[in-house]
Amino acid sequence: MELQGKIKTIHPLEEKGEKKFKTQEITLDRTSEYNGDRKENYSRIQLSGANTDQVQNLQLKEGDIIKCNFEINGRFYEKDGEQKYFQTVSAWGITVIKRA
């Protein structure tokens, strides 16, 4: 699947656990207009492991328009006897469409 938008925020690189597994999130502005109505739409994608290197390698900046390939990963867990789910939009390929 593909997603395109303007980079609103590049969140700080995080290292998790003893093995210091790297993750980094990017918020994309996908706001659109239709018949004069503005529809705000923001999507947060997550890069993980070696894919986090793309932020530096591509010299991504806020305002850049990018296209990314992604997959949706879902997890299930129980907490205090309640069943919960969360999803992550995991990006694995980024192409810069237009620089800021």
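Which residue in E8 does Ile-72 stand opposite? I shall come to that residue after a word on the model.

What we have here is a predicted model, in which local features need pLDDT of at least 70 and side-chain atom pairs count only at pLDDT 80 or more, while totals for chains, interfaces and linings use all residues. Residues are numbered from 1 along each chain as its sequence is written, and side-chain values use heavy atoms, with hydrogens and water left out.

Let me start with confidence. pLDDT is the predictor's confidence in each residue, on a scale from 0 to 100. The chain averages 96, and 100% of the residues score at least 70. Confidence is lowest in strand E4, residues 32–34, with a mean of 93, and highest in E3, at 98. Strands (E, at least two residues) and helices (H or I, at least four) are DSSP runs, numbered from the N terminus.

Now to the pairing of strands, which requires that DSSP find at least two bridges between them. E7, residues 65–79, and E8, residues 82–98, pair in the antiparallel sense over 15 bridges. Here is the reply to my opening question: Ile-72 stands opposite Val-89 in E8. The hairpin of E7 and E8 has two residues between the strands, and Asp-80 takes a positive phi there, near 55°.

E7 also pairs with strand E1, residues 2–10, again in the antiparallel sense, over five bridges. Leu-3 stands opposite Cys-68 in E7, and Gln-4 stands opposite Lys-67. The bridge partner of Lys-6 in E3 is Asp-29.

Is Glu-25 buried, partly exposed or exposed? With a relative accessible area of 26%, Glu-25 is partly exposed; with a 1.4 Å probe and protein chains only, buried means under 20%, exposed over 50%, and partly exposed in between.

Leaving aside neighbours within four places in sequence, Glu-25 is in contact (heavy atoms within 4.5 Å) with Thr-9, Ile-10, His-11, Arg-44, Ile-45 and Gln-46. Gln-46 is 21 residues away from Glu-25 in sequence, yet their C-alpha atoms are 4.3 Å apart. The side chains of Glu-25 and Arg-44 make a polar contact at 3.0 Å. A polar contact is a pair of N or O atoms within 3.5 Å; within protein, one must be able to donate a hydrogen and the other to accept it, and residues adjacent in sequence count only if both atoms are side-chain atoms.
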